[in-house]
Amino acid sequence: MAQVAISNVAKAFGTVKVLHDVSVDIPDGQFVVLVGPSGCGKSTLLRMVAGLETISGGTIAIGERVVNHLPPAKRDIAMVFQNYALYPHKTVEQNMAFALKLRKTDPAVIAERVKRAADILDLNPYLKRYPRQLSGGQRQRVAMGRAIVRNPQVFLFDEPLSNLDAKLRVQMRTEIKELHQRLKTTTIYVTHDQIEAMTMADKIVVMRDGRIEQVGAPLELFDRPANLFVAGFIGSPS
Ligand code: ADP
Ligand code: MG
């Protein structure tokens with residue numbers, strides 16, 4: 001596991017600036033939630049940590065290493081997306097094994113890691129199925145399984161629950177938190193849902209218009225919001 005240090009990060013798409021001087025530390029082993037309205041720059045920031053977007057200014061470090069110019073495969077992170085991004089023509093087992101196969105991991109190690117992920121996520125009955133034969137919650141578990149088998153230093157989640165119905169969303173929140181308690185992997189979790197942020201986070205980062213408004217533990221933000229935006233956002237029902 002590693003700390004992620006985001007220092008004075010900026011991002012522009014052409015002449016449009018979407019992140020301005022963003023600095024935040026994600027401590028080793030913590031579950032940190034980036035929350036804010038749609039379009040405020042959450043996914044862009046996460047994608048920069050993942051190496052899927054270039055960095056226009058500032059630095060991002062994972063552990064001891066500044067990763068600004070490292071490709072995603074060298075960053076020791078694993079990302080879980082909203083749309084799951086599963087391979088439709090591979091089984092659950094093959095989906096989980098694929099990234100390790102690409103990295104020429106020893107087959108015995110692959111088998112052991114896939115088994116462990118399947119045990120943790122209750123996926124054993126579904127290993128030979130294809131994504132289209134799974135429910136939304138099961139697909140999301142496979143997407144998490146693909147991340148777990150990599151044994152990454154950092155998990156990145158981008159609105160992983162927003163395609164699920166309300167009941168399943170509540171259940172998956174609990175599952176993701178249990179997963180974190182078990183593995184203690186440093187996690188950055190993006191959502192626009194303040195309830196999700198309040199219930200899941202060790203630390204919440206509230207963003208608006210490409211800037212950080214406040215960073216704090218859930219109760220701190222609730223009790224002492226820095227401004228009306230944070231008060232309104234954290235205090236309103238989702
Ligand atoms: P969020 O995830 O908080 O909803 P995003 O990070 O997706 O927000 O987007 C932040 C801003 O950057 C938005 O105004 C969005 O339109 C813009 N943006 C995101 N990706 C691109 C891109 N590839 N090209 C141009 N503008 C983009
Ligand atoms: Mg987004």
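How many bridges join strand 4 to strand 5, and which way do the two run? I looked it up: strand 4 (residues 57-62) and strand 5 run antiparallel and are joined by 2 bridges. Strands here are DSSP runs of E with at least two residues, helices are runs of H or I with at least four, and both are numbered from the N terminus.

**Ground rules.** I'm working with a predicted model, where local features need pLDDT of at least 70 and side-chain atom pairs count only at pLDDT 80 or more, while totals for chains, interfaces and linings use all residues. Residues are numbered from 1 along each chain as its sequence is written, and chains are lettered from A and ligands numbered from 1 in the order in which they are written.

I found an open sheet of 4 strands in the order 2-1-4-5, with antiparallel pairing. Its edge strands, strand 2 (16-26) and strand 5 (65-66), each pair on one side only. Two strands count as paired if DSSP finds at least two bridges between them. I also noted that Ile 62 has Arg 65 in strand 5 as its bridge partner.

**The whole chain.** I counted up 8 helices and 10 strands. The radius of gyration (taken over C-alpha atoms) is 18 Å, close to the 18 Å from the globule rule for 238 residues, so the chain is as compact as a globular protein of that length. That rule is 2.2 Å times the number of residues to the power 0.38.

**The core.** The largest nonpolar core has 63 residues, and Val 33 and Leu 34 are among those with the most contacts inside it. Such a core is a set of buried Ala, Val, Leu, Ile, Met, Phe, Trp, Tyr and Cys residues joined through C-beta atoms within 7 Å. Leaving out residues up to four places away in sequence, Val 33 touches several residues, including Tyr 189, Met 200 and Ile 204. Touching means C-beta atoms, placed from the backbone, within 7 Å.

**Tyr 130.** I found Tyr 130 in the loop between helix 3 (107-121) and helix 4 (136-148). Val 92 is 38 residues from Tyr 130 in sequence, yet 6.0 Å away in space, C-alpha to C-alpha.

Terms used: A residue is buried if 20 or more other C-beta atoms lie within 10 Å of its own, exposed if 12 or fewer, and partly exposed in between; C-beta atoms are placed from the backbone. Two residues are in contact if their C-beta atoms, placed from the backbone, lie within 7 Å.
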